Amino acid sequence: MLKKTIQPENYVPEEKLLKVIPDKDPEIKISLKRIPVVEKTGKMIPVCEPTLQGNELKYLTECVETNWISSTGRKIIQFEEAFARAVGAKYGISCTNGTTALQLALYVAGVGPGDEVIIPTFTMIATANVITHLGAKPVLVDADPYTYTMDVNRIEEKITGKTKAVVPVDIYGHPCDMDPILDIAERRGLAVIEDAAEAHGAAYRGRKIGSISDATTFSFYANKIITTGEGGMITTDSREFYDKARNIRDHAFSEERHFWHKYVGFNFRMTNLQAAIGLAQVERFDELVESRIRNAARYNALLKGLSGLTLPPQAESVKNVFWMYAILVEDDFGMNRDELRKQLAERGIETRTFFIPMHLQPIYHGKYAGQSYPVSESLCSRGMYLPSSSGLAEDDLNYICAAIKEIKEGARR
Ligand SMILES: *Cc1c(COP(=O)(O)O)cnc(C)c1O
């Protein structure tokens, strides 16, 4: 009989670090009569929601009507081809989600027990977890203070004889500084597996994200720029990588005999149903990406000049797609980030704090004891994102910016 189940890691950071960890999310009350937007729409403004106004329902209905609902079916091939084309890559391998896409890509790149993989500490938990699940060790690099992506000047000092790969993450839709990363990887013989879960449609020095690294992985979770509900994809230009990833995604059935396995495979297959939604989304690829960029420009125009806010990064010669409109609340704003979020929530506006760095996580902090990542900690303590849906209405965006100004003025009084 089962005597004991898995136990959580409990960890209370020391005082100094405790200040870095964000408060609990403030509650949003929906029935605030005096709030015009909440009253008008009868709902709050969510931090992000999908827009499914194209052929999504039509293609989904076709799957049901024809009985093609599992992981073979024409929509999967069509979606893989269309998405790969949209991001400038030769091949696409769809997966169950962005996490499994990254795990599969690292597995195909040969990452296994005892290996080390370099990642930013400022990222979403999945980037580190897939490496852990492969039996390898995530090795952390601090964030660049201007782009929030991995600091390329701190990668080489982390390379050891065990390092197999580096995973740049295009944080909040802003591409990493890829040329130095590719240069280091070339000289030191490392694979570059890029986590572009947040960066559909982004570009670096004229090259599309999805076509630069050995392999790039995307997420199609509901809040990502292109969604399939749950889903993910690896893109690559390598035929060998493509063939192996496709095979290993599907239990690694061999060509010689059906039930004959030469790799420990996975079942990471996407269904035709998800691909149907994805195909309809890709038809609107430019529209979904460009509305993110347009919203960011509107936010910038309305919030610039407001002291105490740092607006999202924009390095030269990159196309930032602003998956999330990410701001920093500085000391001279008049209140801290958590207080601002609370007052926005009172006005029906949902926000989200930045990622909590990997070295501060209950599951990982022990591995990195004594290491210091001040930029990531500072981002974590000050950062939040505002509602960022591609379909965000201009009225709602204006309302959000007016609310921020009103809250700031209230703090001064
Ligand atoms: C969303 C996200 C993932 C995980 O994608 P899922 O589809 O939710 O598994 C991985 N990495 C980053 C940086 C993400 O933002």
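Asp 25 counts as partly exposed, with a relative accessibility of 47% (partly exposed lies between buried, under 20% relative accessible area, and exposed, over 50%, using a 1.4 Å probe and protein chains only). Its side chain meets that of Arg 341 in a salt bridge, 2.7 Å from N to O. This is a predicted model, in which local features need pLDDT of at least 70, side-chain atom pairs count only at pLDDT 80 or more, and totals for chains, interfaces and linings use all residues. Residues are numbered from 1 along each chain as its sequence is written, and side-chain values use heavy atoms, with hydrogens and water left out.

**The Asp 25 pair**
- Arg 341 is buried, at 2% relative accessibility.
- Asp 25 sits in the loop between helix 1 (15-18) and helix 2 (36-41), and Arg 341 in helix 11 (residues 337-346), so their contact ties together parts 316 residues apart in sequence (helices are DSSP runs of H or I, at least four residues, numbered from the N terminus).

**Salt bridges across the structure**
- The whole structure holds 28 salt bridges, each a side-chain nitrogen of Lys or Arg within 4 Å of a carboxyl oxygen of Asp or Glu.
- Arg 154 and Asp 151 form one of them, with their closest N and O atoms 3.8 Å apart.
- In that pair, Arg 154 is partly exposed at 42% relative accessibility, whereas Asp 151 is buried at 12%.

**A pair within helix 7**
- Asp 183 and Arg 187 form a salt bridge with closest N and O atoms 3.3 Å apart.
- The two residues are 4 apart in helix 7 (residues 178-188), which means about one helical turn separates them.
- Asp 183 is partly exposed at 41% relative accessibility, and Arg 187 is partly exposed at 48%.
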